[in-house]
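Hi everyone, thanks for making time this morning.

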Amino acid sequence: MTATDELDLTLEPPVIDLRDPSLYFNRELSWIEFDRRVLEEAYDRKHPLLERVKFLSIFSSNMDEFYMIRVSGLKDQVAAGVTNTPPDGMTATETLDAIRARVLPMMQKQRRYWHEEVKPELAANGIRIMRCDEAGPEACDGLREYYQREIHPSLTPLAYDPGRPFPHISNLSLNLAVTVRDAKGIHFARVKVPGTLPRLISFDLMGLPSDDDSTRMVWLEDVIGANVASLFPGCEVLQVFPFRVIRDTDMEIQEDEASDLLETIEAGLRQRQFGPVVQLMVDEEMPLDMVEFLAHNLEVRPDDIYPLASPLGMSSLIQVSALNRPDLKDAPFTPAVAPVLRDLHAPADIFDAIKQQDILLHHPYDSFSPVLNFVRAAAADPDVVVIKSTLYRVGRNAPVVKALLEAQRNGKQVAVLVELKARFDEESNIGWARALEAEGVHVVYGLIGLKTHSKITLVVRREEGGLQRYLHLATGNYNAVTAGIYTDLGQFTCDEALGQDATEFFNSLTGYSTQRYYRSLLVAPGSMRNRVEDLIEREIAHAHEGRGGRLILKMNALVDDRLIRSLYRASQAGVQCDLIVRGICCLRPGLPGVSDNIRVISIVGRFLEHSRIYWFGNAGQPEVYLGSADLMPRNLDRRVETLFPVNDWEIRGYIRDAILAVELANNVRARDLHPNGTYALRRPDLDQGAIESQHWLLAHPCQGGRGETFNPNSNGKLTRPRDRNGRFMKNK
């Protein structure tokens, strides 16, 4: 061995540049991979048939939103000549090309699966989705009568000629491109399929007889197409093909120049129908000359054209999944209510229950009723003086808003932040904002330039010892419908420090304040980003000092490159990192010397995983935060978000040893993210039982955060540490 060789042994390993674009996945392509996982659920025969149909619908709905928001944004970048690239280094043009290359085959596969497998299986189970020419002579007569009576009056054929311009095609509308011939030649016309009518029309609705007990349905556009000649008397109909457009719907709002934000957003909603077309979807059998004619008039490029087998716009399959066929759906369940909240003698007793202990709710496994009961009790209780709440997505039928209105009528001081910029919920939120204002509620619309995404309700009650603050803090919205299909966590508490923080937080929303730091709450923009980075750095320090490092982070999306670099440094230090990321993940796990200690899984199942949990091991003294924020630049820097600590040690133990433990052990619905960007669905080993976290959590109630724990080495059996006398021990 030479002296040079001996010298080489002492060299430090090369420093890895953690800003290297090869260490990051592209955000948009990662979003598409999430939608691929949704589509794979539709292919999984372990799901009941109508649940698979639901996943087909969700995939199409997700794709619509992706093109309306993300693809439109990329096109804006190209048009503006933006040259800055994200951490992965891909330009907007490169990303658009990659999107089409991935999405078009997925859409084509979706439709093949629908026609070749799902439709025949539906028919075998008495649900027949038919074309008009498959209905038989008697049914065809009935279809024509229904068309004349219920559909024809709603139709407006729009011609295109020198005297009539090409008609406006509204966003997400389904249309028929029609060519007709008269004595003067061949002409084009457009017929819009009415969005006010059901997309799938049941034969029962039309009063048509059935030879058996089957449900028969026909596509609305097929009924119109079969009778379209009635719109062009004296002309010969030559061709009829469906097409559909998606437009740019991402509103830009100059809040600092808007004298009335509510009116500005209302005007923006109207403009959504007029954004540039970002996708033209046509029937794959449409002739090329007709496709080119549409593309020219809609000003779309060839790469924006998606030829697909009908039906176009498959999100309408949600109608099929909603059919009353419990034998073809997931088994129904009754959400649990913890005894501490169930055994109340009067509505106001909920305040005594919260005084006794912090209470964790895990929806949809736990009922959303206690949240509504909390607000209703506050509205009716004569001792309550103040109620404040943030509302992001509450839905069209919002019991929590109705309770707040009742509180105002009962003389409470009610202050509500209604986020008008909650995408695609703007119209609903505008309606509730006006209703609340009409009753005298103090309504604010948020801070200029920021969406308010936090979920928090504060109740101030006059009691014997003085004013007492009660809080509900959550990861999900105050929406009773989504609380039944999204997994979210909420906590009731009367912790004094959190109560003071909540008071100051609401004051910052309704008044003028530059406050950035709070006693317990982590608030964005402000303390949240720095505190999360500090907590990761603390785990790195523990690892360096031989105390081990441990992180378990659950979120919807991981995009922020600064925090990804922090996680890479943690992995390099030996910190064991488990990340449960439902959707977008720009971190690349499993890279030698960079992320070999990071594991990323995604869970897609019956319920939409929506909760955010940030668990820091802290050398055996864990620190846990729940809240509204994902680790994305928009959440950390451009939204008002809150993360709240879990101070109750039993609840901390339950979150770690039940919720996180069973999700990390999931070997049925969990997928592992590989370094190349692909996801692999887990399957149980031969000697291992099947563990499906959502099923397990349905079967084992949260009990306010004091339920049974899960042991991943017990094949899914209930376990909990016992003392020497065989009694269950408390979680630590």
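Let's begin at Y67. Leaving aside residues up to four places away in sequence, Y67 touches S72, I99, V103, I246, V278, Q279 and Y306. Keep in mind that this is a predicted model.

Y67 also belongs to the largest nonpolar core, which has 121 residues. Along with L122, V320, L558 and L587, Y67 is among those with the most contacts inside that core. Which helix gives the largest share of this core? That is helix 3, residues 49–80, with 13 residues. There is also a second, separate core of 47 residues, and L458, L473, L521 and L664 are among its members.

One is open and mixed, with six strands in the order 2-4-3-7-8-9. Strand 2 (157–160) and strand 9 (305–308) each have a single partner strand, so one side of each is left without a neighbour in the sheet. From one strand to the next, the twist averages 30 degrees. Within this sheet, strand 3 (residues 174–182) and strand 4 (residues 185–192) run antiparallel and are joined by eight bridges; there, T179 stands opposite F188 in strand 4.

Helix 4 (residues 92–124) packs on the sheet, where it touches strand 8 (277–283) and strand 9. The direction of helix 4 makes about 20 degrees with that of strand 9.

Finally, three strands make another open sheet, in the order 1-6-5 with mixed pairing. Strand 1 and strand 6 (residues 215–219) pair in the parallel sense over four bridges, and I129 has M217 in strand 6 as its bridge partner.

Thanks, folks, happy to chat!

Technical notes:
Residues are numbered from 1 along each chain as its sequence is written. This is a predicted model: local features need pLDDT of at least 70, side-chain atom pairs count only at pLDDT 80 or more; totals for chains, interfaces and linings use all residues. Side-chain values use heavy atoms; hydrogens and water are left out. Two strands pair if DSSP finds at least two bridges between them. Helices (H or I, at least four residues) and strands (E, at least two) are DSSP runs, numbered from the N terminus. A nonpolar core is a set of buried Ala, Val, Leu, Ile, Met, Phe, Trp, Tyr and Cys residues joined through side-chain atoms within 4.5 Å. Buried means under 20% relative accessible area, exposed over 50%, partly exposed in between (1.4 Å probe, protein chains only). Contact means heavy atoms within 4.5 Å. Axes are lines fitted to C-alpha atoms, for helices over the stretch in contact, and angles run from 0 to 180 degrees between N-to-C directions.
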